[in-house]
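Reader: I would like to learn how to read pockets and cores in a model. Please start with the terms.

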Amino acid sequence: MQLLLDTADLNAIKEIISIYPIDGLTTNPSILAASKWDLKDTFEQFRQLGRHLSLHLQTTARTAENIVEQGRALTDNFGDGFHLKIPICEEGIKAIPMAKAAGIKVTATAVFTPLQALAAAKAGADYVAPYVNRLDNICANGVAEVGNITVILRNYGYETKVLGASFKNVQQLYDLSLAGCHAVTVTPALVKAMIYHPYTDKSIELFDHDWQERFGDSHITDYL
Ligand code: G3P
C-alpha cells in the first residue's frame with residue numbers, strides 16, 4: 001500500500017519523511033488556505049521533495065480547458081512525480097482525457113460514490129481519491145464504499161489506483177488495507193498513530209531494563 005502525506009505543514013513533512021516510508025504528498029485548496037506557510041516557499045519545498053515523491057496538487061480552475069492549462073503549467077514546474085487533482089464534476093470528467101492526452105498525470109478527487117470512481121477510471125484517471133471519513137460522517141460507510149470501488153476497478157481491469165483520503169483514525173486505514181486499497185493519504189498525526197502501541201513501548205522498556213541489569217551500559221556490538 002502506498003502511503004502519502006496529506007498536509008502542507010513543511011516542518012511536519014520534513015519530520016515524517018525522515019522517519020517513515022512515505023511515497024508522496026497531497027494537498028487540497030482547504031489545506032493550502034489553512035497553512036501558515038508562504039505558498040511560494042511551500043511550492044519550493046514541494047519542488048525539491050517532488051524529485052523523490054509523487055506530488056498531488058488540486059486544480060483551482062473550473063472549466064476543462066483551464067484545468068488542463070493549469071495541469072500543463074504545474075507539471076512543467078513540479079516535474080515527473082506531479083499529479084493534477086481534478087474534482088469529479090462534469091468539467092472534471094471532461095478534463096481527464098484531455099489532461100492525459102497532454103501527458104498530465106491525474107488524480108480524480110472528491111470522490112464519494114463507486115460510480116464516480118468508475119467514470120473517472122473510464123476517463124483515464126491514474127488515481128481516484130474517495131473521502132472515507134466524510135462518508136462516515138454522513139453514515140455512508142466510507143470503508144465499504146472504497147472496498148466496492150476497488151472491486152469494480154478490478155472487475156473491469158482498470159489500472160486506475162484507489163487513493164483513500166480523509167481519515168480520522170487508524171481503524172479506517174486498517175480496514176482499507178484489508179479491502180485492497182492501493183494507496184492512502186493521511187495526516188502526520190495518523191502516520192505516527194499507525195505504529196503506536198503501548199505494549200510495544202513497554203516491551204522496549206523491558207528489553208532495556210533486562211539488558212542493563214546484566215550488561216550495564218555496554219552494547220551488543222561490544223561483545224563481538
Ligand atoms: O484530500 C482530501 C482530504 O484531505 C480530505 O480530508 O479530513 O478534510 O475530510 P478531510
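Author: On a 1 Å grid over the protein atoms alone, a pocket is an open set of points where a 1.4 Å probe fits, with protein on both sides within 12 Å along at least five of seven lines; lining residues have an atom within 4 Å of a point. Helices (H or I, at least four residues) and strands (E, at least two) are DSSP runs, numbered from the N terminus. This is a predicted model, in which local features need pLDDT of at least 70 and side-chain atom pairs count only at pLDDT 80 or more, while totals for chains, interfaces and linings use all residues. Residues are numbered from 1 along each chain as its sequence is written, and side-chain values use heavy atoms, without hydrogens and water.

Reader: Which element gives the largest share of the lining of the second largest pocket?

Author: Helix α4 does, with three residues. The lining has 13 residues, and Leu-32, Phe-43, Gln-58, Thr-60 and Leu-74 lie nearest the pocket's centre.

Reader: Which residues have the most contacts inside the largest nonpolar core?

Author: A nonpolar core is a set of buried (under 20% relative accessible area, 1.4 Å probe, protein chains only) Ala, Val, Leu, Ile, Met, Phe, Trp, Tyr and Cys residues joined through side-chain atoms within 4.5 Å. Here the largest one has 52 residues, and Phe-46, Ile-96 and Val-128 have the most contacts inside it. Helix α4 (residues 64-78) supplies the largest share of this core, five residues. A second, separate core of five residues includes Leu-4 and Ala-183.

Reader: Which residues lie nearest the centre of the largest pocket?

Author: Of its 21 lining residues, these are Asp-6, Asn-28, Ile-31, Arg-134 and Ser-166.

Terms used. Buried < 20%, exposed > 50% of the residue type's maximum accessible area, 1.4 Å probe, protein only.
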